[in-house]
Every structure is written in structure tokens, then in C-alpha cells.
Amino acid sequence: MQTTNNNIFTYKSNQKLLDLFGSKFEFRRKLISIIIGNLLFSFGVNAFYTTHKFLSGGIGGISVMVQYLTGIAAGISVFILNLPLFLFGLKTLSKKFLGYAFISTVVQSFTMIAFKNVGNYVNFADPILSAIAGGTLNGIAMGILFKNGCCQGGFDIVAAVMKKKYNMQIGSALMLLNAIVISIASYLFGIDKGAYTIIAMFISYNVLDKIQLSKGKLKSVTIISLKNEEIREAINFKMSRGVTALKSVGGWSKKEGQVLYLYVERNEISVLKNLIEEIDGDAFIGISDVEEIKGRGFRTFDID
């Protein structure tokens, strides 16, 4: 009887972990991306940003600002400032999203402290070179995290809540929040520091785009799966996107089926891929750039 109870307890514990973090493979993949991403981010910030009093975006940027003003290590501030944001997102966001975001925050805190003095050994005297190098490393770090469905916590949590509650695009929310951080930094440390930070952030987001996907702002997505109906309903209700179901015939099997086709904005791609992966990990997903879409649910974009 005792053995049976232990087995039930073990099963329930494993099930809770699966609900929170997914499969062991998914957990390992995301944990590796979190470690590598935050190592690159923390190295870039401490080697190239802090040596010239630049900032990064989000909570990392605020933490660096606190370090400049008080001497308190940015890694400590990152952890403390993130705690109320996790509470803020608790009622709105999934436990899985917040679970990985918390792990990322802890790793970022440790790596920021570990690399605090790396600027004494690795740096550029030229601020432009520092902005380029730091921005590139920051972009690679974000690309690794986002491509694997992770984030650094902080403003990503706020942006996700704004998306879910007010249907505000994640990119727009992050841009607004980061603009506030840069404005404060420019007032405290000079407009030139703010300008260099903008250059670094511009490079970061361009590198992020190239790693995560291609550069286009709008995407057409083709999905082939044996669970088309479940995927279609999930996209309809969880992303509020319409999906077109096209009849198809397998070229090899000759079996009739359906191909799902839809348009999404670039910052919705990660959400879409994670949604599909949860339902059918073997689904085929094709993603292409779209120059412009006019119609309900989409704004008209001027593509650079």
C-alpha cells in the first residue's frame, strides 16, 4: 500500500513538472539557451556598455543605471526588480512562461555579478565600437532566448500582460517601456549616452531579427499536421487570428487532408510556433516574408 501511494505521489509530482516545464528534452533545450543567452548578454553589457555608461533595454538597463548611481551590482538589482513583475504577471500569464522567465532572471543575476569587472580586461576605447560590439552580443543573446521560446523576464512580462489584456503588440509595448528608460538615462547621464544606447539597441534588434527569423515584419505561415482542427481552434481562440483551411492531397500517400494558412505579425511567430508545438511536435511549419497585407486584423506597414 505504501509503495502504491509513493508511486501516485511520484506520478503527480512528475505531472506537475511536465505542466510547468514541459518534457525533459524541452527543459534541457531551454535551460541551455537561457544559460548561453544570459552569459552573452552579461558579458556584452559589462564589457562594452558599463565601460562607457551605456544602458541596455528593460530591467537590465534600469539595473545598470542603479549600479552607476549607487555602486550596487546590477545582478542584485535585476533579481530584486523582477520580483514584483512576476507577481504582476501571475494572474494573467501561464505558469510555464513565468517559470522559465524566473529561471532566466536567476541566471542573469548570477552572470551579471560574475562579469561585473570584465570591462577592466576587455573593452573598446571608442564608444561607437563598444555600441556595435555590445549591441551585437545583446542581439545574439536575445535571438538565442526568443528562438527557444524563452525571455529574460523584466519588461517581457509586462509586455506579455499588455498583449493579453489590451491586445497591444509586444514589440510596441517593449519600445514604449524602453523609450522611458532611455529618456531617464539621457537626463541623468547626458544625451550622448542615450544616443549611443539607441545605436546599440538598434543593432541588437536587427541581429535578433536575423537570428529569430528573417527581417520582414509580416509573415505568411503554412501548417501541415494530423491535428489541424486542434491547431486551428487554438489559433482562433488564443491568438485571435483567422485561419484558412485548404484541401490537400499527399503527393506520396495520395491521402486527402488540409493545409492551414494564415498571416501573422513578426512578433507573434514565437507564440504561434510554441502553440503548434504543444499540440503537435511533428507539425510542418513553413514561414515566408510578406511585403504588405491590407484587411481586417492587420495594419498597413511601410517596409524598409
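Modeller: The model is predicted. A helix here is a DSSP run of H or I with at least four residues, and helices are numbered from the N terminus. Helix α10, for example, covers residues 228-238 and holds both arginine 232 and glutamate 229.

Biologist: How far apart are arginine 232 and glutamate 229 in helix α10?

Modeller: They are 3 residues apart, about one turn of the helix.

Biologist: What makes arginine 232 and glutamate 229 a salt bridge?

Modeller: The cut-off is a side-chain nitrogen of Lys or Arg within 4 Å of a carboxyl oxygen of Asp or Glu. The closest N and O atoms of arginine 232 and glutamate 229 are 2.4 Å apart, so the pair counts as a salt bridge. In general, side chains of opposite charge can pair when their charged atoms come close.

Biologist: Why is arginine 232 called partly exposed?

Modeller: Buried means under 20% relative accessible area, exposed means over 50%, and partly exposed is in between. Arginine 232 has 24%, so it is partly exposed. Glutamate 229, at 42%, is partly exposed because its value also falls in between.

Biologist: How many salt bridges does the structure hold?

Modeller: There are 4 salt bridges in the structure. One of them joins the side chains of lysine 30 and glutamate 26, at 3.2 Å from N to O. That value is within 4 Å, so the label applies. Both residues lie in helix α2 (residues 24-49), 4 residues apart, about one turn of the helix. Lysine 30 and glutamate 26 are both buried.

Biologist: What makes glutamate 268 and arginine 241 a salt bridge?

Modeller: Their side chains meet at 3.3 Å, N to O, and the cut-off is 4 Å, so the pair qualifies. Glutamate 268 and arginine 241 meet in this salt bridge. Glutamate 268 lies in the loop between β3 and α11, and arginine 241 in the loop between α10 and β2 (244-249), so the pair ties together parts that are 27 residues apart in sequence.

Biologist: How do you know that glutamate 268 is buried?

Modeller: Its relative accessibility is 4%, which is under 20%, so glutamate 268 counts as buried. Arginine 241 has 9%, also under 20%, and therefore counts as buried. The C-alpha atoms of glutamate 268 and leucine 218 are separated by 9.6 Å, while the two residues are 50 residues apart along the chain.

Biologist: Why does leucine 69 count as exposed?

Modeller: Its relative accessibility is 53%, and exposed means over 50%, so leucine 69 counts as exposed. Leucine 69 sits in helix α3 (residues 58-70). It also belongs to a nonpolar surface patch of about 640 Å², together with Leu176, Ile180, Ile184, Tyr187 and Leu188.

Biologist: Which helix gives the largest share of the nonpolar patch?

Modeller: Helix α8 (residues 170-189) does, with 5 residues.

Biologist: Which class of residue is found in the lining of the second largest pocket?

Modeller: The lining has 3 nonpolar, 7 polar and 2 charged residues. Strand β3 (residues 256-265) gives the most to this lining, with 4 residues. The volume of the second largest pocket is about 220 Å³.

Conventions
Residues numbered from 1 in each chain as written. Predicted model: local features only at pLDDT ≥ 70, side-chain atom pairs only at ≥ 80, totals over all residues. Heavy atoms only, no water. 1 Å grid on protein atoms, 1.4 Å probe; cavity = no way out; pocket = protein on both sides within 12 Å on 5 of 7 lines; lining within 4 Å. Points joined across faces, edges and corners; volume = space filled by probe spheres on them. Helix = DSSP H or I, 4+ residues; strand = E, 2+ residues; numbered from the N terminus. Nonpolar A, V, L, I, M, F, W, Y, C, P; charged D, E, K, R; others polar. Patch = residues over 30% accessible without salt bridge, like charges linked within 9 Å, V, L, I, M, F, W, Y side chains within 5 Å. Areas by Shrake-Rupley, 256 points an atom, 1.4 Å probe, with all protein chains shown as cover. Buried < 20%, exposed > 50% of the residue type's maximum accessible area, 1.4 Å probe, protein only.
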